[in-house]
Structure formats: structure tokens, C-alpha cells
Amino acid sequence: MEWLKEFLGDELYSQVEAKLKGNDKVKLANLASGEYVSKSKFDDKEKELATANDTIKQLKETAEKFDGSDIEKLREELKNTQTKHDAETRQLKEDMKKRDAVDAWLDAHPTKHRALMRSQFDYSKLTVGEDGKISGIEEIGKSLTESYSDMFVSNDKGDDTQSNPKDGGIDHGKSPQEKDPGKMSMEEYRAWREKQ
């Protein structure tokens with residue numbers, strides 16, 4: 001506070017000094033030099049600076065991870081991977097539909113050796129239409145029943161007997177009077193499969 005003597009003079013300075021003695025509500029400072037900043041403002045700025053430095057450090061670390069990476073190339077790789085995944089998923093769904101159609105055909109045409117007959121179907125010749133129906137299965141099935149006629153169970157009596165267990169055949173439990181699974185709606189087919 002000595003710097004006030006020059007402006008107030010000795011007598012007035014002494015009076016001000018006496019009045020402010022022991023007073024903690026008023027603090028005098030020379031702000032002319034611009035060097036004074038309150039402690040709370042200084043602490044706030046110090047926190048802001050620390051936060052900014054942390055953010056800069058994090059951004060640098062993130063940038064280093066991508067340093068030398070071609071973002072467009074990464075995007076292209078991601079797009080290609082997604083396209084490949086979509087194609088594989090579509091193919092798996094088609095294969096499952098074909099397999100289900102073959103099983104439905106085999107259910108309608110009982111055989112003594114189901115797994116063997118299933119393996120004789122050429123899935124590459126089966127096509128899935130826009131409506132989800134499988135074409136080509138009847139042609140392949142007809143060829144198999146002609147080529148392997150002794151492998152298919154014939155039931156001329158019209159009863160529920162599907163095979164002769166003495167000959168190693170398997171009873172699949174389907175009566176020949178049932179509706180052909182290949183001609184069923186999806187709801188009918190699901191209900192039919194649940195009964196099996």
C-alpha cells in the first residue's frame with residue numbers, strides 16, 4: 001500500500017491506513033501494471049489449462065493410431081467386407097431353403113436310406129425363386145426315383161406303413177394321403193414339421 005503515499009500524501013495516507021487496519025473486507029492493490037489476478041481466477045484458469053492439455057494429449061494419441069492409415073481405403077475395405085457378408089448370408093439362407101425343400105420332398109417320397117438319397121440331390125441345380133419357392137426339385141426327384149427305384153418305399157395298400165424295418169428301412173411316420181410338403185404354405189409346412 002506504500003504506493004498510495006505518492007498520490008494521497010502522508011497525512012491522507014495515514015488516515016486511510018488507520019481505517020483499513022484490521023479490515024479484511026477491503027483489499028487494495030495496484031492494478032496499473034496488470035500483474036494482479038485473484039487466486040480463484042488463477043485456479044480456474046489453471047484447471048482449464050490442465051483440461052485442455054489432457055484433451056490435446058488424447059487427440060494426439062488418437063491421431064497416432066491412424067497415422068499412416070488411408071481413411072478412404074479403410075472405408076472401401078469396410079464396404080467390401082459388408083458386401084461379402086451380405087452375399088454369404090444370402091447364400092446360407094438359400095442353402096437352408098433348398099435343404100428344407102429336399103427334406104420335404106423326401107418326406108413325401110419315403111426311402112429306405114434317407115441320408116443316401118439326400119446326398120444324391122444336386123443343390124446347384126435347385127433355384128430359389130423371388131417368391132421363395134424352390135424349382136428343379138421335382139425333376140431331380142423324378143430322376144432319383146427312376147434310377148434308385150428299389151431304394152424308395154412303395155405303399156400300394158394306402159396304410160401308414162412307410163418302410164419295412166426288416167429290410168433296414170426307416171419309418172418316417174408320413175401317410176401317403178397327406179398333402180405334399182412342397183405344395184404347402186409356410187404356415188402349413190411349419191405345423192406339419194412340428195408334428196413330425
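The buried residues of H5 pack against H3, H4 and strand S2 (134–135), and that is a handy way into this model, which is a predicted one. The protein chain has 6 helices and 2 strands, and reading from the N terminus the elements go α-α-α-α-β-β-α-α.

**The chain as a whole**

- Of the 196 residues in the protein chain, 18% are buried.
- Take the contacts in the protein chain with a separation of 6 or more: 48% of them come from residues 24 or more positions apart.

- The buried residues in H5 are Ile137, Ile140, Gly141 and Leu144.
- These four span an arc of only 100° around the axis, so they sit on the same side of H5.
- As for partners, the buried residues of H5 pack against H3, H4 and S2.

**The aromatic cluster**

- There are 2 aromatic pairs in the structure.
- In one of them, the rings of Trp105 and Phe121 have centres 5.4 Å apart and planes at 70°; with over 60 degrees as the cut-off, the pair is therefore edge-to-face.
- This pair links distant parts of the chain: Trp105 belongs to helix H3 (residues 71–108), while Phe121 is in the loop between helix H4 (114–119) and strand S1 (127–128), 16 residues apart.
- Trp105 also pairs with Phe152: the ring centres are 5.9 Å apart and the planes are at 90°, so this pair is edge-to-face as well.
- Phe152 is in the loop between helix H5 (137–147) and helix H6 (186–195) and Trp105 is in H3, so the pair ties together parts that are 47 residues apart in sequence.
- Put together, the ring pairs join Trp105, Phe121 and Phe152 into a cluster.
- Phe152 has 12% relative accessibility; the cut-off for buried is under 20%, so Phe152 counts as buried.

**Where H3 crosses H6**

- In general, two packed helices are described by the angle between their axes and the distance between the axes.
- Here the axes of H3 and H6 come within 13 Å and cross at roughly 65°.
- The crossing of H3 past H6 is left-handed.
- On the H3 side, the contact is made by Asp100, Asp103, Ala104 and Asp107; on the H6 side, by Tyr189, Trp192 and Arg193.
- By residue class, this H3–H6 contact has 3 nonpolar, no polar and 4 charged residues.

**A closer look at Asp103**

- Asp103 lies in helix H3 and is one of the residues making the contact with H6.
- Despite its charged side chain, Asp103 counts as buried, at 8% relative accessibility.
- Which residues does Asp103 contact, leaving aside its neighbours within four places in sequence? They are Arg114, Arg118 and Arg193.
- Asp103 and Ala115 are 12 residues apart in sequence, and their C-alpha atoms are 9.9 Å apart in space.

Methods
Residues are numbered from 1 along each chain as its sequence is written. This is a predicted model: local features need pLDDT of at least 70, side-chain atom pairs count only at pLDDT 80 or more; totals for chains, interfaces and linings use all residues. Side-chain values use heavy atoms; hydrogens and water are left out. Rings of Phe, Tyr and Trp (its six-membered ring) pair if their centres lie within 6.5 Å; planes under 30 degrees apart count as stacked, over 60 as edge-to-face and the rest as tilted. Buried means under 20% relative accessible area, exposed over 50%, partly exposed in between (1.4 Å probe, protein chains only). The arc is that of the directions from the helix axis to the C-beta atoms. Contact means heavy atoms within 4.5 Å. Axes are lines fitted to C-alpha atoms, for helices over the stretch in contact, and angles run from 0 to 180 degrees between N-to-C directions. A crossing is left-handed if the near helix is turned anticlockwise from the far one by less than a right angle, and right-handed if clockwise.
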